[in-house]
Structure formats: C-alpha cells, structure tokens
Amino acid sequence: MSTPTTAPAPGARNERPAAAGKPATKPQGPPNKLRAWVTRAPLLPALVFMIVVTQLPFVATLVVSFFDWNALYPEARRFGGFENYGEVLGDAALRESVITTAILTAVVVLASLVLGLGLALLLDRTFKGRGLVRTLLIAPFLLVPVAAALLWKHVLYNPEYGLLNGMLTWVFGDDGPQPDWVAEMPLGAVEVSLIWQWTPFMMLILLAGLQSRPADSLEAARIDGASAWQIFRYLTLPHLRRYLELGALLGSIYIVQNFDAVFTITSGGLGTANLPYTIYQTFYQGHEYGLASAAGVLVVLGSLIIATLALRVVSSLFREEARS
C-alpha cells in the first residue's frame, strides 16, 4: 500500500536544502595586486625611458615658456606669465609661418594621397616584376630626410648641373630654358621634394586597404556587369575612406613638423619659413628661449589635436575589421 504524498501549498517555494558538508561559494575577490604588478614589471623600464625622453623635456619647455629669457642677457631673466604666448599669437612673422605651414601641409598631403592612390591601384594588379617595382617605389620614403632634400637641391634643382635643366637642354637644345628652380619657385621646390618622399607612405597605407577589400563583393559586381570605374566609384573608394583619412592625418602630423626640407633647400628664405624653422630662428638665432618655447608648446598642442583624430580613425579601422 503506497503512502500518499503531500502536495506543496500554492505560492510556496520549492526549496532544496543545501547539501550537507558542501561549503558555500565565496564571491570572487579583487585580482591579486602582486601578480598584476609582476605582469606589468617588464614594461616599467620602457615607461620610465619614455617619460624621461619625452615628458621631462616637454615639462621643461613648458616652464621656460613662462619666462622672459634671452640667452644674451641671462641676468635679466624674469617670470612673465603668458606674455610669451600673447607675443607669439600676435607676431606677424609667426602668423605668416602658420599660413606657410598650412599651405605646405595641404599641398603635400593631397598630392601624395592622389599619387599614392594611383600607385596603389597599379600595384594591386598582378604583373611580372611587381615585387621589384614595389621595392623601388618604397625607396624614397626610406631615405634620410636631409639626404632627400640634398638630392633635390643639388642633383635636380641646381641651375648649372642639375638633371632638370639637363633634360631641358636635351629636349630644347642649348637655347632651351634654364630656370633657377629654388629661386623662382621656392615653396614649390620644397613641396615637390616632400611629395616625392611621402607618396610611398600613402601608397603603402592605401595598398593595405585595397588588399583588404571583400573579394565576394568585387566578384558579384563584375558578374552583374559593373565597369571598372563603377567598381572603383561605388565599392573601392567607400572602402578606402578610412585609409584615406588615416593617411591624411598621419601625413599632416609629420609634415607640420618638417624642418629638414625647408632648412636644406631654401634655409627658410623666400617665404618658405614654416613653424619649425621659425622656432629654430627664434631659439638659436634670436636666443629668445622663452618665446621659442611658447611657440613650441603651441605647435605640440596642435599636433596632439591632429594625433587624437588619427587615433580615432585607427580605432575605427580596428572595429570595422573586428566586425567583418
């Protein structure tokens, strides 16, 4: 005879007693701090080195920028507050150098992007000797900036024995034009040398973008009868938008700070003095340490703004790659 079972009352919770002798689960505590520090310890020397090399000089420059300090009159040094910054922002020569820097940066970045895109589209195709052509096209970017500027100044631009005037003589004869390139187009001479050196950098970035295109979308567009221009306009160019932005931002960061080409080709004359060269003149020729430091701080702040935008573009690229 079976014993009747008692049904639980309505609304009552059907709880099972905890197993005897089984300890209760402890909540997870914070991670072991000692283990975390041991994990980070190998990175500390690099962090200390970076702080010593980059941050301490910037802090020293920031402190000096608040002083009225001329190296020729060290006893007259005094704390001037923001006077140097006001003088820097109100200086006509500095404003002119800011305009020159903006023109130089815009022309070099845009021209390098257009030429780099064309070369990237060429190298994205399969042809015999593509590896050799790619190596030769990358070579200008691997040159030391001063060496590249000297190459353009003496080997190409020189009016007496330069290759450019030699080509004009070969084409038009002895009566052909023999322009003095640096004297007649000083800012253009600097821009052309920088475009030649920075086009391979843009090419590498855009080539990486071209090789990351989804092959199935391209194949589907070709099957549907899309022309090469339509594929470039509606598939390739939208895909390369982030890479174009990244190349423009990174190129702007470096070209804004370019000193070698201006110093080597024109020595800052003929209206080619950009911000780095103006700071150099103020510091080393005018011996105005406080004024030059204030101008340098403003340049660093502007570069940080551009670098922040570049980092956002890079992070968005990584997010898109992760989603795909």
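Helices (H or I, at least four residues) and strands (E, at least two) are DSSP runs, numbered from the N terminus. This is a predicted model, in which local features need pLDDT of at least 70, side-chain atom pairs count only at pLDDT 80 or more, and totals for chains, interfaces and linings use all residues. Residues are numbered from 1 along each chain as its sequence is written, and side-chain values use heavy atoms, with hydrogens and water left out.

**Aromatic pairs**

- The whole structure holds 19 aromatic pairs. Rings of Phe, Tyr and Trp (its six-membered ring) pair if their centres lie within 6.5 Å; planes under 30 degrees apart count as stacked, over 60 as edge-to-face and the rest as tilted.
- F141 and F201 make a tilted pair, because their ring centres are 5.3 Å apart and their planes stand at 35°.
- This pair links distant parts of the chain: F141 lies in α5 (130–142) and F201 in α9 (186–211), 60 residues apart.
- F201 also pairs edge-to-face with W198, at 5.4 Å centre to centre and 80° between the planes.
- W198 and F201 are three residues apart in helix α9, so about one helical turn separates them.
- F66, F67, F79, F82 and Y85 form one aromatic cluster.

**Burial and charge**

- Buried means under 20% relative accessible area, exposed over 50%, and partly exposed in between (1.4 Å probe, protein chains only).
- F201 is buried at 14% relative accessibility, and W198 is buried at 11%.
- F141 counts as partly exposed, at 28%.
- The charged end of R233 sits over the ring of Y234, 5.1 Å from its centre. The test is NZ of Lys or CZ of Arg within 6 Å of the ring centre and within 35 degrees of the ring normal.

**Pockets**

- On a 1 Å grid over the protein atoms alone, a pocket is an open set of points where a 1.4 Å probe fits, with protein on both sides within 12 Å along at least five of seven lines; lining residues have an atom within 4 Å of a point.
- The largest pocket has a volume of about 430 Å³, counted as the space filled by probe spheres set on the points.
- Of its 18 lining residues, I279, G296, V297, V299 and V300 are the closest to the centre.
- Helix α15 supplies the largest share of this lining, nine residues.
- The second largest pocket has a volume of about 330 Å³. Helix α11 gives the most to its lining, with five residues.
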